[in-house]
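User: I have a protein model open and would like to go through it in short steps. Can you help me read it?

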Amino acid sequence: MRALVQRVSRSAVYIEGTSPAAQIGNGMLILLGVGRGDTRDDLRFVAEKCAHLRIFEDDQGKMNRSLLETGGEALVVSQFTLYGDTRKGRRPGFSDAAPPQVARVFYEGFVEALQGLGVPVRTGVFGAHMHVEIHNDGPVTLMVESPSR
């Protein structure tokens, strides 16, 4: 499982319209990719890592606080292209991405796991064509991967 994590001052997702389908203020945008062979342990690991990742500034301006400590929100958007393989040719291959019916279950499980840890979560719509507005704060962008990767 892969999560591209961005610290944001705000973020929103739009689906077929001008009003955001979901939006957050200060917090974390998580673009989530599910790989073939991912397990519930991978899901829990990545959710816990995201919730506890110390990427928010403390009083001294150091990245020393987590999403849970700041009371920030998470916007979780499914992103199968995180498993795009560009090593050969010019068209990415996606054979390492989980099939949609499996990925949806893991995506929903990831959202539930974050909520279970106390993170307020908003989501995109799985499988929809979306426009994501990102106000990256810093900028801070990190890749979180499960240990099996």
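User: Which residues of α3 does α1 meet?
Analyst: This is a predicted model. Contact here means heavy atoms within 4.5 Å. On the α1 side the residues are Arg 40, Leu 43, Val 46, Ala 47, Cys 50 and Ala 51. Their partners in α3 are Val 105, Phe 106, Gly 109, Phe 110, Ala 113 and Leu 114.

User: How many nonpolar residues are in the contact of α1 with α3?
Analyst: Sort the contact residues by class. One is polar and one is charged. The nonpolar residues number ten.

User: Are α1 and α3 parallel, perpendicular or oblique to each other?
Analyst: Helix α1 spans residues 40–52, and helix α3 spans residues 100–116. Their axes come within 9 Å and cross at roughly 40°. Angles under 35 degrees count as roughly parallel, and 65 to 115 as roughly perpendicular. The two helices are therefore oblique.

User: Is the crossing of α1 and α3 left-handed or right-handed?
Analyst: Handedness is a separate point from the angle. The crossing of these two helices, α1 and α3, is right-handed.

User: Which element gives the most to the lining of the largest pocket?
Analyst: The largest pocket has a volume of about 330 Å³, and 16 residues line it. Two elements give two or more residues to this lining: β6 (73–78) and α3. The largest contribution is three residues, and it comes from α3.

User: How many charged residues are in the lining of the largest pocket?
Analyst: Ser 78, Gln 79, Phe 80, Phe 126 and Gly 127 lie nearest the pocket's centre. Across the lining, twelve residues are nonpolar and four are polar.

User: In which strand is Pro 139?
Analyst: The peptide bond from Gly 138 to Pro 139 is cis, with omega near -5°. Pro 139 falls within residues 131–145, which form strand β8.

Conventions. Residues are numbered from 1 along each chain as its sequence is written. This is a predicted model: local features need pLDDT of at least 70, side-chain atom pairs count only at pLDDT 80 or more; totals for chains, interfaces and linings use all residues. Side-chain values use heavy atoms; hydrogens and water are left out. Axes are lines fitted to C-alpha atoms, for helices over the stretch in contact, and angles run from 0 to 180 degrees between N-to-C directions. Helices (H or I, at least four residues) and strands (E, at least two) are DSSP runs, numbered from the N terminus. Angles under 35 degrees count as roughly parallel, over 145 as roughly antiparallel, 65 to 115 as roughly perpendicular and the rest as oblique. A crossing is left-handed if the near helix is turned anticlockwise from the far one by less than a right angle, and right-handed if clockwise. Ala, Val, Leu, Ile, Met, Phe, Trp, Tyr, Cys and Pro count as nonpolar, Asp, Glu, Lys and Arg as charged, and the others, Gly among them, as polar. On a 1 Å grid over the protein atoms alone, a cavity is a set of points where a 1.4 Å probe fits but cannot get out, and a pocket is an open set with protein on both sides within 12 Å along at least five of seven lines; lining residues have an atom within 4 Å of a point. Grid points are joined across faces, edges and corners, and a volume is the space filled by probe spheres set on the points.
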